[in-house]
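Hi,

Here is the structure I promised to pass on. My notes on helix packing and aromatic contacts follow below it.

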Amino acid sequence: MVSSGGNTAGAIASIAHIKNNTHRNWWMDPGLRKLNLFIVILFLASASGGFDGSLINGLESIPRWFTDLGNPDTKRQSLIIASQSIGGVAAFLVSPWLPDVIGRKWTIVVGNAIIIAGAVGQTFTHDSGAYIGTRMIIGFGGVICAVASPSLATELAHPRQFGKSWMAFGTLNLSPSWSWRLPTLFQAVPALFQIVVIPFCPESPRHLLRQGREEEAKAVLLKYHANGAEQDDLVDFQMSEIKQQLINDAELNNASFSMFFKTAGMRKRLAIVIIVAFMSHYTQTSGINGGLAVWNAFWAIAGASNVDRLGRRTLWLTSTIGMLVSYIIVTALSATYARTPNQGVGYGVIVFLFIFFAFYDIALTPLTVGYPTEILPTKARAKGLGIEYLCVYIALVFNSYLNPIALDALGWKYYLVYVFILAAMVVTVYFFFPETRGKSLEEISDIFDHKDLQHEAEAAREEGAPEDAKISKTSIAHLE
């Protein structure tokens with residue numbers, strides 16, 4: 001972090017000793033209780049977009065669903081499954097820009113309105129073509145929400161509480177024609193709830209400050225991070241940190257996606273965002289479902305509960321190493337079973353697949369969105385998350401077609417591809433994923449950008465200008 005005088009700080013100030021008008025336990029603090037309620041509601045975006053993804057698996061078991069859609073053949077069914085992901089890819093056209101233009105919370109409202117329109121339209125479809133189209137609409141709106149929601153939640157969160165997470169929920173089953181129509185319509189419920197509540201949610205103080213609305217930004221921080229106190233040391237510190245970070249980001253302000261290639265820090269962030277996106281989907285090849293739902297939920301909660309206690313890097317390393325070891329065993333057992341089928345070996349495969357998913361859940365469930373959200377600077381956050389979701393949905397479309405074909409052709413040998421991918425993940429995490437535990441968003445930026453800022457200061461000294469000359473030319477008022 002660059003100090004107000006322009007020098008790179010040798011040590012980053014800790015927020016732990018800064019006076020703050022909040023209780024140490026959030027549940028005993030009225031401001032933090034209300035703030036955390038808003039954050040939980042923001043994470044309903046996962047339900048809005050994710051409910052449709054889980055619903056389709058249940059609908060395939062309802063005969064009337066097939067009849068009402070004209071009995072689609074296997075290829076048509078594959079397109080139906082992939083259509084939501086295709087809509088998500090298309091959302092990349094607007095999702096990276098919209099949160100920076102109209103703000104985080106109104107972007108969520110727009111995304112939810114699109115989801116509601118798609119869900120209502122899907123409820124009354126009578127052929128597979130219209131059903132595919134409405135699934136694409138839901139995927140489109142879901143990604144818009146998914147990009148804006150974590151950005152707003154992270155930027156609103158109190159500095160002590162960056163490690164929060166969420167879980168999605170299940171589906172219904174009724175009869176006859178409404179056995180699939182009512183669950184389909186139910187997709188609109190979380191979106192409708194968000195549309196009603198989100199207008200009362202505060203806007204991101206970082207977004208407000210970037211828009212030149214400094215008083216509003218400080219008012220949000222004082223209300224939710226200091227219980228409405230007229231003055232608070234932590235809020236003053238946060239305002240100073242956010243202003244400095246926005247100044248550091250100023251030269252990237254009009255750069256669009258080219259900002260990700262301008263500095264070493266931004267290139268590293270982009271690489272991590274893309275790697276995390278593909279990690280989250282190229283490590284899932286198993287067709288086992290059922291009992292995994294509760295198992296996955298348990299380990300995801302365990303991982304999320306320890307994000308701040310153990311740290312992000314510890315969870316990443318534990319997860320990737322655990323997945324690699326368990327998947328090597330799965331591959332070896334699968335090869336043995338292919339040569340000499342044995343019930344005990346078959347059970348062994350299932351056991352180690354469950355172990356694999358436990359290691360997957362402790363990091364990739366809570367951190368796939370959370371970690372990129374933390375490491376991206378304010379101006380790049382929405383665009384970076386847009387890139388991540390583009391990669392995620394490309395991976396989903398690709399896997400939905402490639403995996404069945406490859407497994408059919410290669411059998412257990414195809415697992416070796418994932419063993420190599422997992423080994424590469426371990427090496428990548430070890431060398432390129434920094435720890436962010438206990439740091440503010442601005443302090444995290446310093447991890448990535450301090451070398452670039454040092455180079456700027458050295459260049460300024462060589463030119464005979466003060467070290468902060470370049471920075472001081474840009475003020476918050478001129479950021480837009």
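**Aromatic pairs and a helix contact**

Y371 is buried, at 0% relative accessible area (buried is under 20%, exposed over 50%, partly exposed in between, with a 1.4 Å probe and protein chains only). Bear in mind that this is a predicted model: local features need pLDDT of at least 70, side-chain atom pairs count only at pLDDT 80 or more, and totals for chains, interfaces and linings use all residues. Residues are numbered from 1 along each chain as its sequence is written, and side-chain values use heavy atoms, leaving out hydrogens and water.

Y371 makes a stacked aromatic pair with F433, 5.6 Å centre to centre and 10° between the planes. Pairing takes Phe, Tyr or Trp rings (for Trp, the six-membered one) with centres within 6.5 Å; planes under 30 degrees apart are stacked, over 60 edge-to-face, the rest tilted. F433 is buried too, at 1%. The two sit 62 residues apart, Y371 in helix α17 and F433 in the loop between α19 and α20 (helices are DSSP runs of H or I, at least four residues, numbered from the N terminus).

By that pairing rule there are 17 aromatic pairs. One of them, W97 with F257, is edge-to-face, at 5.0 Å and 85°. W97 is partly exposed at 33%, while F257 is buried at 18%.

As for helices, the axes of α6 (104–123) and α7 (128–156) come within 8 Å and cross at roughly 160°; axes are lines fitted to C-alpha atoms over the stretch in contact, with angles from 0 to 180 degrees between N-to-C directions. The two are therefore roughly antiparallel (over 145 degrees).

Cheers

Notes. Angles under 35 degrees count as roughly parallel, over 145 as roughly antiparallel, 65 to 115 as roughly perpendicular and the rest as oblique.
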